[in-house]
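Have the coordinates open as you read.

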Amino acid sequence: MEILVCIKQVPDDSVEINLNSSTGKPNLEGVTQIVNAFDTYALEMATRLKEKVGGEITVVSIGDESVKNSLKNCLAVGGDRAFLVKDDSESLDPKSVSKFLIKAKEDIEANLGKKFDIIFCGKEATDYALGQVGLLVADELSLPVVTNVVDIETEGESAKIRQETEDGYNILEASLPCVVTVQKPNYEPRYPTIKTKMAARKKTIDELQPAEKPENTVEVVRVFEPVKRSAGVKIKTETAEEAVEQAIKLMTEAKVF
Amino acid sequence: MKLTDTKNIMVYVETADKAPVNCALEALGKASEIASSRGEEVIAVLIGKDLERATDLSIQAGADKVIIVDRDCNQVEAYRSILLEVIKKYKPSVVMAGATPLGKDLTPVLAMRFESGCAVDVIDIKITDDKFVMTCPVYGGTVLNDIVIKESPIVMTIRSGAFSKVIDSSRKGEIIKEDISVPESTLLTKVLEAVKEIGEQVNLEEAEVIVSGGRGMGSKENFELVKKLADVCGGVVGATRPAIEDEWVPRSHQVGQSGKIVSPKLYIACGISGATQHLSGMVGSEYIVAINKDEDAPIFDVADVGIVGDAIKVVPLLIEEIKKIKAM
């Protein structure tokens, strides 16, 4: 099984990002760059599949030199090789990302002399949460795509895919090659060991040329912060009874009930 | 394929159990407001079987025309190819869908096919200099982007709760039946099984009262207190990711960035410290009550009433007091 996992480096999503009022842009200073959480689930799912059926995992990303660090982290937890599409743009729209990934896929396939059977993406990135790239890559390549995937099995030329839905799940069948976008499954991504980390450090990450950037149809005209809620009354009393009494009084005054 | 000479706003009205999903009706309301200011029409598209009630509701919620495609579909590709045909024929300048999993699966590709772009999770729309300016949350809603899309149709998904639903039973609309076939070649996946998990339906997006519990509830047994409080308040149960991961309550109850975005009238957060991912899902609530041991917890920055205390002790007392109020 030849697997391609597409990852995005994003600012740590456990840190609250606010606007830098002097630049008018999100303030990312000092925020660690990490692999998008949903992409780490995708890589873990791909790795489990590889462990079951054999094969290799190629990890690809787009960005500047710093992304190589994220790619090395992926090599320590299941990736066999990694490529970076070198692009220094501050951000790319989903259409450009999908074009870049398609060209990268074709370049890597030519380089390896093999075709990918499954392309894994996270269901969305934690920064912009657009969730479009996997769908656009699949559409452009006329491949089947399943979103919100929490489990995958393969048998011969097809995959059986479990998709989370609002009220349960679907089991879908798709022929290979296909694209899946991964939701959080019932397990956590594995941690690297010292050994896998050392081995990953030694590997080189090859750079790929980006595709021609398509015309941008989406333009951000203003970046701003939502009106902040102001903190209301904080009740700190000796006993829970007193606190509840005060809280109920406030709620009644506010006509909550 | 570029679309030229476009006008009117098209809304794909997704249905669940033959009824329109709420955010589609909310989208129709906003679409109707914008269309009437521009002298345009709102065209609702319904795909499925037995959609009389959904058709009526779509008209009452703002549709001037309803296009019905009477076809049983269970694949995203089928919906997509039907919508592609409808868009080609009716040439709307804007296409809206609810920001549901299906809406989010359909819209990016529709936009791409017409060489346009797609705005996701739109929470506000303004018309400035005849341009649609859409507000979309980024970084978990701590930052907002105003975006414009330069090509037609402008495609977007509307976040649930962003706009209000207006049902006017006196509204009239035209019903058009379209017979559109789905080419076999477009169906690339096959649904082998569609399972509705047993358990109560949780409709967090439409709930007026939500009582949520987090890690501070301590155990599955203690989490029962959250359910009791929700019962007493006539609300539904929400939860944070840690509570879901510890299997105190099923996944469908999750509020937050990777769960549901909610905007009830009352939100009670029990034993929730307020991680960014959770706050972004509930900060749109009208009135927030928070109970947490840690007085520096970020949840208190957004709460109208914050009780510094152990939720395990506070919640039972709240239940008793609220029972008294409700009995009055």
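Let us start with helix α1(B), which is mostly covered: 13 of its 17 residues are buried, where buried means under 20% relative accessible area, exposed over 50% and partly exposed in between, with a 1.4 Å probe and protein chains only. This is a predicted model, in which local features need pLDDT of at least 70 and side-chain atom pairs count only at pLDDT 80 or more, while totals for chains, interfaces and linings use all residues. Residues are numbered from 1 along each chain as its sequence is written, chains are lettered from A in the order in which they are written, and side-chain values use heavy atoms, without hydrogens and water.

The helix covers residues 22-38 of chain B, and its end C-alpha atoms are 25 Å apart, which agrees with the 24 Å that its 17 residues should span at 1.5 Å a residue; the expected span is 1.5 Å times one less than the number of residues. After α1(B) comes G39(B), with a positive phi near 65 degrees.

**Chain B as a whole**

Chain B has eight helices and 18 strands, taken as DSSP runs (helices H or I, at least four residues; strands E, at least two) numbered from the N terminus. Its radius of gyration is 22 Å, close to the 20 Å that the globule rule gives for 328 residues, so chain B is as compact as a globular protein of that length. That radius is taken over C-alpha atoms, and the rule is 2.2 Å times the number of residues to the power 0.38. The C-alpha atoms fill a box of roughly 65 × 45 × 40 Å along the principal axes, and 59% of the 328 residues count as buried. Among contacts (heavy atoms within 4.5 Å) between residues at least 6 apart in sequence, 62% join residues at least 24 apart.

**Two residues and their partners**

V69(B) sits in strand β5 (residues 65-70) of chain B, and it counts as buried because its relative accessibility is 1%. Its contacts beyond four places in sequence include L46(B), I82(B) and I180(B).

P192(A) lies in the loop between β12 (178-182) and α5 (194-202) of chain A. With a relative accessible area of 33%, P192(A) is partly exposed. Leaving out residues up to four places away, it touches A76(A), V77(A) and K197(A).

| Pair | Apart in sequence | C-alpha to C-alpha |
|---|---|---|
| V69(B) and I180(B) | 111 residues | 6.8 Å |
| P192(A) and N73(A) | 119 residues | 7.9 Å |
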